[in-house]
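Let's explore a protein chain together, one question at a time. Take a look at the sequence and the model first, then read on.

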Amino acid sequence: DTGASLYQSIGLVDLSYLFKRNYMGMPRDSEPGAAAQATLDQLAGIRESVDHVIVCCDSPPYRRKALFADYKAQRERPDDAEVSQKRWLMDRIQKDGYQIARAKGFEADDIIFTLCKAYHWCQDVRIVASDKDLAQCVGYCVRMFVPAVGTRPAEIRGVEEIVAKFGVTPDRMPLWLALCGDSSDNIPG
């Protein structure tokens with residue numbers, strides 16, 4: 001069963017993105033677990049706005065690292081408090097009955113890309129993430145929902161917004177990224 005008769009809208013959430021954004025945005029004197037709770041609250045809001053939510057998770061070690069040793073080499077390792085909150089968050093997400101998608105060696109954006117292809121029949125697929133790699137998935141029925149960060153407002157990115165932001169259509173994003181590189185992943189152009 002593909003669920004075609006069940007779902008008119010599906011939310012595909014990059015959990016690492018959502019949690020990291022909350023964790024980095026919390027004041028240092030926040031209550032322990034505040035970022036995890038904020039992420040749960042956002043997931044509940046997403047769950048209310050769509051027929052089905054799939055929480056997409058990273059599953060290291062990443063295959064890209066084997067292909068390019070400097071992949072994400074500039075990123076700092078998460079501190080113990082961040083790791084602890086994320087573990088608690090994963091436990092709660094499972095207990096709350098969210099469907100979780102992951103595959104060993106792949107990142108959440110890889111999973112989201114695959115699910116966008118699998119749910120091609122769905123009228124409304126919402127990607128909750130900001131990774132520019134995912135812009136290639138945007139189309140008639142697929143949009144990106146980028147939550148607000150600090151003073152930057154939330155965005156909904158459809159085809160027109162992708163073209164305005166990057167200067168290319170979604171189907172040209174892989175070539176654009178290959179030419180420009182991606183400093184956030186330490187990938188040269």
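Q: Which residues of H1 are buried?
A: Buried means under 20% relative accessible area, exposed over 50%, and partly exposed in between, with a 1.4 Å probe and protein chains only. Helices (H or I, at least four residues) and strands (E, at least two) are DSSP runs numbered from the N terminus. In H1, the buried residues are Leu 15, Ser 16, Tyr 17, Leu 18, Phe 19, Arg 21, Asn 22 and Tyr 23.

Q: What kind of model is this, and how are its residues numbered?
A: Residues are numbered from 1 along each chain as its sequence is written, and side-chain values use heavy atoms, leaving out hydrogens and water. Local features need pLDDT of at least 70 and side-chain atom pairs count only at pLDDT 80 or more, while totals for chains, interfaces and linings use all residues, since the model is predicted.

Q: How many residues of helix H1 are buried?
A: Helix H1 covers residues 15-25 and is mostly covered. Its buried residues pack against S1, helix H2 (34-49), S2, helix H4 (80-95), S4 and S5.

Q: How many helices and strands are in the protein chain?
A: Along the sequence, the pattern reads β-α-α-β-α-α-β-α-β-β-β-α-α. The count is seven helices and six strands.

Q: What is the radius of gyration of the protein chain?
A: This quantity is taken over C-alpha atoms, and the globule rule is 2.2 Å times the number of residues to the power 0.38. With 189 residues, a compact globule would come out near 16 Å, which agrees with the value for the protein chain: 17 Å.

Q: Which residues have the most contacts inside the largest nonpolar core?
A: A nonpolar core is a set of buried Ala, Val, Leu, Ile, Met, Phe, Trp, Tyr and Cys residues joined through side-chain atoms within 4.5 Å. The largest one has 48 residues. Those with the most contacts inside it are Leu 12 and Ile 127.

Q: Which residues is Leu 12 in contact with, leaving aside its neighbours within four places in sequence?
A: Contact means heavy atoms within 4.5 Å. With those neighbours within four places set aside, Leu 12 is in contact with Ile 54, Cys 56, Ile 112, Leu 115, Cys 116, Val 125, Arg 126, Ile 127 and Val 128.

Q: What do the buried residues of H5 pack against?
A: Helix H5 spans residues 108-118, and its buried residues are Ala 108, Asp 109, Asp 110, Ile 111, Ile 112, Leu 115 and Cys 116. They pack against strand S1 (9-14), strand S2 (52-56), helix H3 (63-67), strand S3 (99-101), strand S4 (124-128) and strand S5 (142-146).

Q: Is the peptide bond from Pro 60 to Pro 61 cis or trans?
A: Most peptide bonds are trans. Pro 61 is found in the loop between S2 and H3. With omega near 5 degrees, the bond from Pro 60 to Pro 61 is cis.

Q: Does Tyr 71 count as buried or exposed?
A: Tyr 71 lies in the loop between H3 and H4. Leaving aside neighbours within four places in sequence, its contacts include Tyr 62, Arg 64 and Asp 185. Because its relative accessibility is 4%, Tyr 71 counts as buried.

Q: What is the relative accessible area of Tyr 119?
A: Tyr 119 has its place in the loop between H5 and S4. This residue is buried, and its relative accessible area is 14%.
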